[in-house]
Amino acid sequence: LKRRSRDPPVPTQFQSRSRPTMPETMEITAAAKSGDGTVVNVGIKMEGSHQCPDCRQKFESDKAKQLHWKFIHDPNRHQED
């Protein structure tokens, strides 16, 4: 950093202008993965055994499916601002 003589000193934690970098590798758990590599199934969990009755999403437990339905599909839950 270039500073003028009348500027106060810059604290050391702000002197470096380097940006944080992404890690070279990232671990993704199996539960966080979705799709099967095709464009059609991007974002769709394929391995679950509990199918949502209103969309193509699948879940590994009935509780997860119920929570999904409650927050995504339940018409009584949606509120407009």
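The model is predicted, so local features need pLDDT of at least 70 and side-chain atom pairs count only at pLDDT 80 or more, while totals for chains, interfaces and linings use all residues. Residues are numbered from 1 along each chain as its sequence is written, and side-chain values use heavy atoms, with hydrogens and water left out.

**Overall layout**

- Of contacts between residues at least 6 apart in sequence, 0% join residues at least 24 apart; a contact here means heavy atoms within 4.5 Å.
- Buried residues account for 14% of the 81 residues in the chain (buried is under 20% relative accessible area, exposed is over 50%, and partly exposed is in between, with a 1.4 Å probe and protein chains only).

**Surface**

- The chain's accessible surface is about 7,600 Å², and carbon and sulfur atoms contribute 53% of that; areas come from the Shrake-Rupley method with a 1.4 Å probe, and for residues only the protein chains shown count as cover.
- M22, M26 and I28 make up a nonpolar surface patch with about 360 Å² of accessible area together.
- Such a patch takes residues with over 30% relative accessible area and no salt bridge, joining nonpolar side chains (Val, Leu, Ile, Met, Phe, Trp, Tyr) within 5 Å and like charges within 9 Å; a salt bridge is a side-chain nitrogen of Lys or Arg within 4 Å of a carboxyl oxygen of Asp or Glu.
- I28 sits in the segment before β1 (50–51), and its 47% relative accessibility is why I28 counts as partly exposed.

**Cysteines**

- Zero disulfides turn up in a search of the whole structure, the cut-off being a pair of cysteine sulfur atoms within 2.5 Å.
- C52 has its closest cysteine sulfur in C55, and because the two sulfurs are 3.6 Å apart, they are too far for a bond.
- C52 is buried at a relative accessible area of 2%, whereas C55 is partly exposed at 27%.

**A loop residue with several partners**

- Q57 belongs to the loop between β1 and β2 (58–59), and Q57 counts as buried because its relative accessibility is 17%.
- Leaving aside residues up to four places away in sequence, Q57 touches G43, I44, K45, H50, Q51, C52 and H68.

Note on methods:
Helices (H or I, at least four residues) and strands (E, at least two) are DSSP runs, numbered from the N terminus.
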